[in-house]
Amino acid sequence: MGKLISKIPEGPLSEKWTSYKASVKLVNPANKKKLEIIVIGTGLSGAGAASALGELGYSVKVFCYQDSPRRAHSVAAQGGINAAKNYQNDGDSVFRLFHDMIKGGDYRAREANVYRAAEVSNQVIDHFTALGVPFARDYGGTLDTRSFGGVQVSRTFYAKGQTGQQCLLGCYSSLNRQIKKGTVKMFPRREMLDLVLIDGRARGIIVRNLITGEIERHGAHAVVLATGGYGTIYYLSTLAVNSNASAAWKAHRKGAFFANPSFIQIHPTSVPQLNEFQSKLTLMSESLRNDGRIWVPKKKGDKRPANEIPDEERDYFLERRYPAYGNLVPRDVGSRASKERCDAGYGVGDTGLSVYLDFRDAINKQGKKAIESKYRNLFELYNTITGSDPYTEPMRIYPAGHYTMGGLWVDYELMTTIPGLYAIGEANFSDHGANRLGASSLMQAAGDGYFVLPNTISNYLADQISVPKMATDKVEFDEAEKSSRERIARLMAIKGKQNAGTFHKRLGKIMWDYVGMSRNEAGLLKALELVRELKDEFWKDLNIPGTDVELNMELEKAGRVADYFDLAQLLITDALNRKESCGAHFREEYQTPDGEALRNDQDFAYVAAWEFAGEGQSPVLHKEELKFEAVEMKVRSYK
Ligand SMILES: Cc1cc2nc3c(=O)[nH]c(=O)nc-3n(C[C@H](O)[C@H](O)[C@H](O)COP(=O)(O)OP(=O)(O)OC[C@H]3O[C@@H](n4cnc5c(N)ncnc54)[C@H](O)[C@@H]3O)c2cc1C
């Protein structure tokens, strides 16, 4: 296992977190004030961590590139947030949520972390409710729930189709409370450019003030990355267009291992691409699959309007292939099944690259009002984008890049392989294995930020109380600032002909074509070659207008795309290395006769954690073996 020490506590799974908390080192209140913590990111994980750490009495500095912390990508989350409350009395429990996540992730996640995420989920819902998040309620006043893919219980709490926005407003208010109290200092419109290590520990960051272009130094006793996922590596994805991997990538270059980078979730229900000029795709929440039925015509190339195709000529292919879960199969399974139908010539729409999501039966059964009360804002969103009315004709949907299960490797304490550097939320690899179940990301992000990190970070900080406030005039800060400035100068000096967006789009196409929903060795090798060529072209022909001492969004984009070229190569290397299919990672060479993913537990039941070995060098693979004690590794079946 080399350098990977996962620090999983001893004892039975259900007692690990309790016993960890009972024995973890603490920092006394007088010392907490003296300890500074930097948090990058203000989504559910970052805003949650910053507020919880501020409330505990630490001195927190929090950064984001948006103008307001409440614009973090978490605001876009639609469908809901899971918890094992079992309000429905339908057989749910912490163990069942844990089990669903382990199975949903195709047995490629660490048991102890997943169990803890399930345990903490109930605290998250209580906390958000206390913060005033307006979750939907049933007629008796208790919180209402609905179902998401890959489960047979109803455990998803929601606020219409705006759950992320409402939860983030809750986080934002708790963050503001701390800002007012003076425990948290907020730095919006700052982009982290580099991590500063002193004696091998994370001690600060270099940021660019995005308004003025000034380069700033900030020191701390510990640094927390809550910087989200890298799904925009495909260019077109359901993520906010500015989401990026640069902070995590900079940390990787300084010694933080990157785990399972090729585990990327392709969500089955996005509005399909409408034209070549689009810069983003829009998700139609998985919650719609509670009532919407997915189908294609039984006849190839059937061009009749959907409503003119009678029931007996429709293929409800998810219900046919997976009767036990039907339309609520997990996302990887649903996406592949849609792709299979479209590839076989049954897709609908002008391009043949979409399938129907139909509410006709639900409206007939429950009435339009009931459907409206659950999904109105999503239906309006769809109607605004496509001009089509989902109340009267089925939506058209197609898979799109959505979420990254891969991320910085962290131990049980959420610390990376760099002492004092933590990664939380989507930025880490921790809880979802090879496929994330719907509504479990907000749960993990908020759980990491509010409840896990505030407990684990004291174990590290307890030994730091005699370390003085970090001075930023040290040579390590000089060097990090110098290299950040040099990189900006290098990008500005290229003065070629193509803008960063053009390169990003071309990179995204390579990634989607060869490293998307299904992968094979020849395609991956080809992608590696194409990415290398495009990277060379980027560094010769990039054009950034304006200067670096002002607001310059082209410069911001260029820096992020430059990092994506390097991450793309690692991602492809990881996909090549994993000679099995598991979860969202589907290698065409490894499939069952009926086209399902064929895992290889003998050789690949491990987390692949990659170490940066230097510019132009092959990354070094470290393996964290996955041991399953509470669940048995089985062939994942949703039939
Ligand atoms: C359309 C959509 C719908 C979704 N719906 C759901 C759902 O219903 N339920 C669910 O559980 N999950 C959902 N997800 C997933 C979920 O929204 C995200 O995984 C989750 O919000 C991530 O939260 P986070 O705190 O890790 O990061 P984010 O919310 O992505 O925040 C990242 C933060 O990091 C900051 N940052 C990043 N890099 C830098 C840098 N270099 N310098 C400074 N700041 C930086 C950003 O400014 C931002 O504040 C959805 C995702 C999408 C795309």
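This is a predicted model: local features need pLDDT of at least 70, side-chain atom pairs count only at pLDDT 80 or more; totals for chains, interfaces and linings use all residues.
Q: How do I read the length of a helix? What should α3 span?

A: Start with the general idea. An α-helix has 3.6 residues a turn, so residues three or four places apart point the same way. Now the case here. At 1.5 Å a residue, α3 should span 18 Å. Its end C-alpha atoms are 18 Å apart, which agrees.

Q: What follows α3?

A: Glycine 57 does, and its phi is positive, near 110°.

Q: Now the ligand. Which residues are closest to it?

A: Look for the residues that surround it. There are 36, and the closest are Ser45, Gln66, Ser74, Glu426 and Ser441. By class, the shell has 15 nonpolar, 17 polar and four charged residues.

Q: Which polar atoms lie 2.7 Å from an oxygen atom of the ligand?

A: One is an N or O atom in the side chain of serine 45. Another is a polar backbone atom of leucine 442. For serine 441, a polar side-chain atom lies 2.5 Å from a ligand oxygen.

Q: How much of the ligand does the protein cover?

A: It covers 98% of the 1,000 Å² of accessible area that the ligand has on its own.

Q: Which elements give two or more residues to the shell?

A: They are α3 (44-56), β6 (190-198), β15 (395-404) and α12 (440-461).

Note on methods:
Residues are numbered from 1 along each chain as its sequence is written. Side-chain values use heavy atoms; hydrogens and water are left out. A residue is near a molecule or strand if one of its heavy atoms lies within 4 Å of it. A polar contact is a pair of N or O atoms within 3.5 Å; within protein, one must be able to donate a hydrogen and the other to accept it, and residues adjacent in sequence count only if both atoms are side-chain atoms. Accessible areas come from the Shrake-Rupley method with a 1.4 Å probe; for residues, only the protein chains shown count as cover. Helices (H or I, at least four residues) and strands (E, at least two) are DSSP runs, numbered from the N terminus. Ala, Val, Leu, Ile, Met, Phe, Trp, Tyr, Cys and Pro count as nonpolar, Asp, Glu, Lys and Arg as charged, and the others, Gly among them, as polar. The expected span of a helix is 1.5 Å times one less than its number of residues.
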